[in-house]
Amino acid sequence: MTATRRRADPGRAPSRYRVWAAQVAAATPGARDRTVDALRAVAIAGVVLGHWLVSAIVADPDRPAALHGASPLSALPALAPASWLFETLGLFFVAAGYAAARPRRSTGHLHPPVDGAVRVPAGRSSWRTAASRLRRPGVVRLAVPVLVLAAVWLPALLVLDLVGAPAETRRLVVSLVSHPLWFLAVYLVLAAAAPLLRRVMSRCGLWSVLPAVLAVTTVDAARGGGLPSWLAPVATPVAWSVPYLLGIALAQGRLPRRAGGALLIGGIAGVALLLRLGYPASAVGVPGDHWSNLDPPSLLALALAAAQLGAFLLVRPWLARLLSRPAAWAPIAGLNRAAMTVYCWHQSALLLVTFAAVPLGRLPGLLDRPSAGWVAHRLYWLPVFAVTLVALCRLFHRPHRRPVPIGPHRHPDPAGPHRSPDLVGPRRDPVPIGPRRCPDLVDPGAAGQAVSSSVASPCTISTSPSESSQRGRSAAV
């Protein structure tokens, strides 16, 4: 009774968080599929937490400033199944494929909504059309956080060299900062191939994933004799095209909820079978294993992505109901908004905390060698890494504000087109223009930034063709 009266008390001011959450929800397009935003947020959180848990930095007992990397999975192989929960790269590419299959509504550029026909303007070849996709503002803006990251760490490496930092410490910094960026190169390849992949999915349906799966199977069969160095850069985009195509299938309505059970059961059975065949148990690379499931991605990585997508499809209706609540939706929107910044800087947060702790000695879970109690100690450091990452996001994240289109090319929808600085794709949804704004996730009180640009993501969501037509008819009335 007390709680009920407290909620209903008109004289009681809502909390700062609820005010911010209400502003975020009010400025979010009603037809937006929030469940895919949540899928993206889970992928981001999985990558960040996974890297923080498997990236052990060990200080040399004789030279505390000499740091080198180690993997707790080498000392604790029984924890390898835990890596299945944090290896969420497949979900990233599902979200990217979903975005690639949605209509952009920008003047003169429409993704094929039904028939799959790729519209190429007269006089332009398909390869030039693919190249033009890489010059779109949503893709070009991907380079900005990377350039900011380079502008900070390149001088920092020079300073480390000038002050006499050990070579192994500098190599560690380069590895941790640059290694996550391979994802962007793979995304750009798939983004350039998106028109072809959409057309293949429209014509062949789910059978379109079969050639890529067979290619991965062939690569896996050749791993025993060692793979040539040139093969991994070629095989990696081919492997990740499988979840990318599944994302396109999801956007085209080819993956209903009932498909979730088949994907989940099939993925789990596939993982179990591959483990019996001798595949490494860890979803990530571990020093000492005969090969890695991610370099290039193996069948086990694809089976794991299928199982994760199946689980998402099964809980999607429940997730949609949950995210209809502003308090649950606002953090998802904020995390998506800063997705690229979080992705670029999460390992920097780990490094900064580690460097600050070097004068304190080999602290458990931070600078000591992984052992039986290392994981429990590392869990205590996760909040410190998170706070540091939030500070870095506040320092380096700058939301993109796209001016309202004017003139004869203004979009016929009063909301107008808009793009956000996505992690892997341009924004698809029209966004209401007006006073409704949303703040950043890290500053709930700073209400003043449009939520439409607040959802920066690997693949932003758009309305379906039917919803688009309904919206057009409403606007006409």
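Phe93 touches Phe183, Val186, Tyr187, Leu190, Trp240, Pro243 and Tyr244, with residues up to four places away in sequence not counted. Contact here means heavy atoms within 4.5 Å. The model is predicted: local features need pLDDT of at least 70, side-chain atom pairs count only at pLDDT 80 or more, and totals for chains, interfaces and linings use all residues. Residues are numbered from 1 along each chain as its sequence is written, and side-chain values use heavy atoms, with hydrogens and water left out.

Phe93 lies in helix H6. Helices (H or I, at least four residues) and strands (E, at least two) are DSSP runs, numbered from the N terminus. Phe93 is buried because its relative accessible area is 1%. Buried means under 20% relative accessible area, exposed over 50%, and partly exposed in between (1.4 Å probe, protein chains only). Ala43 is 50 residues from Phe93 along the chain, yet their C-alpha atoms are separated by 9.5 Å.

The chain has 20 helices and two strands. Of its 477 residues, 50% are buried. Among contacts between residues at least 6 apart in sequence, 79% join residues at least 24 apart.

The largest nonpolar core has 99 residues. Such a core is a set of buried Ala, Val, Leu, Ile, Met, Phe, Trp, Tyr and Cys residues joined through side-chain atoms within 4.5 Å. Tyr244 and Leu255 have the most contacts inside the largest core. Helix H18 (residues 339–357) contributes the largest share of this core, 11 residues. Beyond four places in sequence, Leu255 touches Leu206, Leu246, Ala249, Leu250, Leu263, Leu309 and Leu313.

Leu263 is found in helix H15. It counts as buried because its relative accessibility is 19%. Its contacts, leaving aside neighbours within four places in sequence, are Leu255, Ala306, Ala307, Leu309, Gly310 and Leu313. Phe312 is 49 residues from Leu263 in sequence, and 10.0 Å separates the two, C-alpha to C-alpha. The loop between helix H15 (258–276) and H16 holds Pro296. The peptide bond from Asp295 to Pro296 is cis, with omega near -10°.

The two strands were examined next. Strand E1 (residues 56–59) and strand E2 (residues 67–70) pair in the antiparallel sense over four bridges. Pairing requires that DSSP find at least two bridges between two strands. Val58 stands opposite His68 in E2. Ala56 and Val58 point one way from E1, Ile57 and Ala59 the other way, and all are buried. In a regular strand the side chains alternate between the two faces of the sheet.

Pockets and cavities were computed on a 1 Å grid over the protein atoms alone. A cavity is a set of points where a 1.4 Å probe fits but cannot get out; a pocket is an open set with protein on both sides within 12 Å along at least five of seven lines. Lining residues have an atom within 4 Å of a point. Grid points are joined across faces, edges and corners, and a volume is the space filled by probe spheres set on the points.

The largest pocket has a volume of about 1200 Å³. Its lining comprises 45 residues, of which His51, Val54, His179, Val284 and Gly285 lie nearest its centre. Helix H3 (residues 34–54) gives the most to this lining, with six residues. The lining divides into 30 nonpolar, 13 polar and two charged residues. Ala, Val, Leu, Ile, Met, Phe, Trp, Tyr, Cys and Pro count as nonpolar, Asp, Glu, Lys and Arg as charged, and the others, Gly among them, as polar.

The count comes to two cavities of 30 Å³ or more. About 30 Å³ of space lies in the second largest cavity. Glu87, Leu89, Gly90, Trp240, Ala301, Leu304, Ala305 and Gln308 line the second largest cavity. Helix H6 (89–100) and helix H16 (299–323) each supply at least two residues of this lining. H16 provides the largest share, four residues. By class, the lining of the second largest cavity divides into five nonpolar, two polar and one charged.
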